[in-house]
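Subject: Structure handover

Hello,

Here is the structure I promised to pass on. Please open it first, then read my notes beside it.

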There are 2 protein chains.
Amino acid sequence: MKAIQVGLLGLGTVGSGVVKIINDHQDKLMHQVGCPVKVKKVLVQDVDKKRQVEFGKGLLTRNADEVIHDPEIDVIIEVMGGVEHTKEYILQALQAKKHVVTANKDLMAVYGTELLDAATENGCDLFYEASVAGGIPILRSLVDGLASDRINKMMGIVNGTTNFILTKMSKQGSPYEEVLKEAQDLGYAESDPTADVEGLDAARKMAILARLGFSMHVDLEDVSVKGISEVTDEDISYSKRLGYTMKLIGIANRDHNKVEVSVQPTLLPDYHPLASVNNEYNAVYVYGEAVGETMFYGPGAGSLPTATAVVSDLVGVMKNMRLGVNGRSAVLPQFEKALKQSDEIYAQHFLRIHVKDQVGAFSTITSLFSERGVSFEKILQLPLKNSNLAEIVIVTHQASNKDFDEILANLLDLEVVHGIKSSYRVEGNGYS
Amino acid sequence: MKAIQVGLLGLGTVGSGVVKIINDHQDKLMHQVGCPVKVKKVLVQDVDKKRQVEFGKGLLTRNADEVIHDPEIDVIIEVMGGVEHTKEYILQALQAKKHVVTANKDLMAVYGTELLDAATENGCDLFYEASVAGGIPILRSLVDGLASDRINKMMGIVNGTTNFILTKMSKQGSPYEEVLKEAQDLGYAESDPTADVEGLDAARKMAILARLGFSMHVDLEDVSVKGISEVTDEDISYSKRLGYTMKLIGIANRDHNKVEVSVQPTLLPDYHPLASVNNEYNAVYVYGEAVGETMFYGPGAGSLPTATAVVSDLVGVMKNMRLGVNGRSAVLPQFEKALKQSDEIYAQHFLRIHVKDQVGAFSTITSLFSERGVSFEKILQLPLKNSNLAEIVIVTHQASNKDFDEILANLLDLEVVHGIKSSYRVEGNGYS
């Protein structure tokens, strides 16, 4: 029986994993799609490099055209990374009527809608499960599993590096810099960790999730982002005392068809299902109108988990090929984009400030909050050692971002306020 | 455009939920499948009963044939429950070339393979996502999301009633009888709770999961079952002291293509992802060779969550109808059934016994274990109040069920052993 032929762009950790899975699971793949799968051509930077997997002569090439325009290749798998080049390659592949599977979140976050349009036009599949939370079949669950529901909220721990760092900080009580160094030594963080620790990587994944879950074109710039590099061990220690766990959380929220998408260090109640997602693991919590709370948990990265998602997409493409129905399953944006303004985004807020330890200080501060109708859920005041300052930690009830930002600005004008040490979003929802 | 017409068998809580979702989400359904969906006919026991949803005259019927053999009906949704009648109805529906969606775990656990065969023969879809863990799209994830992987282990909290009871026992320290009563008052347990508390309901779901995940025909009788009715508050209290959480866990394990499927109260380390699944929630933990550990969490029952799964299946059927590819996606058993024997099933074991408080008692007991090469991970010995007995709690390292059962039998013959109070499986795996 004729094999389905696959061209691979890139042969790094994920690419090697894809080759390994295709080789190891021929029986299962054969059983599922009824024909063999064969890697026909692989684009690499260095043909002569020593590799763990052996390849036949002529299989590796430095020339992208030899992969993309090989008439015998049915499916292109893009696992090389990068944005501009890969966009070009994928567009060419789609125009050449080849189906595409990609693990590229950077690309899909920025050009997802354009590429999906091109796929639909050319009657091709473009699948990208591996781009969000590697080993977790979350995109598929949103599209198929929760097909009949209306998704109103998604919260994700979608970056393994930052989750590893925050878990270690929390368990060891160590400062950020020290744990970052440890993560780098263990290979969980890159030597330049900016994209991870500043939240950009998570933002890309949240843009993809929001687009799919809300069926609305959300741009990467629409995602407000704050990373973890300013999280201190004091903040984590106070959070713990108040019953919270600190996580870098991507939030996508919809109310009356207006959405907010953001990434920021967030305090979750210890009993929240996301609070016990530790180390480099990822999880996406989904709130559907009918289904209620669900959560999908698993490895967010790694060669084999990510490759599994890629090959599962490949199986999807191959099933569609055998059924002759490719290019019909892309979910294109259905609703006009409508973003919430800061006076429409509500959350609880954690605030830690230093104030002068004098009579009336606390009431001066609280009156700022009450003027805007913001009340407190939790308050902790402690004297600061070796100073005439006091430390006040506050968790507010629900307040709009606008009100809270204004309160922050006004606090700085108060003579009794010595400094604002930190503030975080608090997510009080979730089952108990 | 011509609507897709649906016939409903049953209009209880799930059936009403299905009607509500179809009505509320017409726009979304229309967007996804490109045509409207209409409930054409509903089989009920009492046509004149007052209901929350209003139905047009003639929509309700007591005659099953009017639903199953209505030539205009494309899809039959079975949410009436029961086994023999429903099996007959579904077979008739399939023979009449109607696609079927069912939420019936009792039916699918016993006749699943036969019904799926009939569906394939007739070119019809037969979907049953709602039969396992209501709102969690777990079957779909096994079939599609982890399509390229080899699943070697599944552990499930797949019964909400027992999870509710064990959670309450653990949090309140209350005895079983008291919490069962509370669960019944709250509607989480039936007035006859046998099927839930004795593990049968969970066993049905594990049979379905094992069949799908391992692609092997597992019969309900192949599942070894122990319920929670003998779990005492002492057991839970000791588990806690040793760092474990007690859950009713369904386990499906595969080694070298031999499988074990069982349901029993199990001690999980507190850090295991399943340990924090509380109250009536369900979760299925899946271990795939390539992907590693994943977990799917959500509501296991309830009108709307279950109905969501049913309607998602309906969307799957409708998409297939529009693409003309129904009846091709059933996963039929691929491997010959091979069950592990008790000397091939390994686990850690928790044991609580009462012994006479005399010199040499402990060493007499431990020699029984060491004779079979079974060693201890944890030991706790305490004097029993108001008696001359001591209580010994042991957690073994990995031992085969055969060895452990023989040890239990021999313990009873020992003069120093006053009684075996309880024993449980311990699952030491999972991330830490």
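Start in chain B. Just after helix α11(B), B:Gly243 takes a positive phi of about 90°. Keep in mind that this is a predicted model.

Now look at the helix itself. Helix α11 of chain B covers residues 233-241, and B:Asp235, B:Ile236, B:Tyr238 and B:Ser239 are buried in it. Seen down the axis of α11(B), these buried residues fall within an arc of 165°, so they line one face of the helix.

Chain A has a helix to set beside that one. Helix α13 of chain A spans residues 361-371. Its buried residues are A:Ala361, A:Ile365, A:Thr366, A:Leu368 and A:Phe369. Viewed down the axis of α13(A), they fall within an arc of 145°, so they line one face of the helix. What do they pack against? The partners are β13 (346-356), β14 (376-383), β15 (389-396), α14 (401-413) and β17 (417-426), which belong to chain A. After α13(A) comes A:Gly373, with a positive phi near 70°.

Next, the sheet in chain A. Six strands form an open sheet with parallel pairing, in the order β3-β2-β1-β4-β5-β6. Which strands are at the edges? They are β3 (60-61) and β6 (126-127) of chain A, and each pairs on one side only. Strands of a sheet pair through backbone hydrogen bonds. In chain A, β2 (residues 37-43) and β3 pair in the parallel sense over two bridges. There, A:Val42 stands opposite A:Leu60 of β3(A). Helix α4 of chain A (residues 84-95) packs on the sheet. Helix α4(A) touches β1 (4-9), β2, β4 (75-78) and β5 (99-102) of chain A. The direction of α4(A) makes about 150° with that of β5(A).

Two sites in chain A come from UniProt records. An unreviewed entry lists a "binding site" at A:Leu9, A:Gly10, A:Leu11, A:Gly12, A:Thr13, A:Val14, A:Gly15 and A:Ser16. Take two of these residues in turn.

- A:Gly10 sits in the loop between β1 and α1 (13-24) of chain A. A:Gly10 counts as buried because its relative accessibility is 9%, and the cut-off for buried is under 20%. Leaving out residues up to four places away in sequence, A:Gly10 touches A:Gly15, A:Val42, A:Leu43, A:Val79 and A:Met80.
- A:Gly15 lies in helix α1 of chain A. A:Gly15 is buried, with a relative accessible area of 0%. With residues up to four places away in sequence left out, A:Gly15 touches A:Leu8, A:Gly10 and A:Val79.

The other site is A:Lys205, listed as "active site" in an unreviewed UniProt entry. A:Lys205 is in helix α10 (residues 200-214) of chain A. Is A:Lys205 buried or exposed? At 8% relative accessibility, A:Lys205 counts as buried. Beyond its neighbours within four places in sequence, A:Lys205 is in contact with A:Lys105, A:Ser131, A:Val132, A:Ala133, A:Val158 and A:Asn159.

Last, the core. In soluble globular proteins, nonpolar side chains tend to be buried together. Here the largest nonpolar core has 162 residues. Which residues have the most contacts inside it? They are A:Ile138, A:Leu209, B:Ile138 and B:Leu209. Neighbours within four places in sequence aside, B:Leu209 is in contact with B:Val132, B:Ile138, B:Leu139, B:Leu142, B:Met154, B:Val158, B:Phe214 and B:Val284.

Best wishes

Key. Residues numbered from 1 in each chain as written. Chains lettered and ligands numbered in written order. Predicted model: local features only at pLDDT ≥ 70, side-chain atom pairs only at ≥ 80, totals over all residues. Heavy atoms only, no water. Core = buried A, V, L, I, M, F, W, Y, C linked by side-chain atoms within 4.5 Å. Buried < 20%, exposed > 50% of the residue type's maximum accessible area, 1.4 Å probe, protein only. Contact = heavy atoms within 4.5 Å. Pairing = 2+ DSSP bridges. Helix = DSSP H or I, 4+ residues; strand = E, 2+ residues; numbered from the N terminus. Axes fitted to C-alpha atoms, helices over the stretch in contact; angles between N-to-C directions. Arc of directions from axis to C-beta. UniProt positions renumbered as here; feature names shortened; annotations may be inferred.
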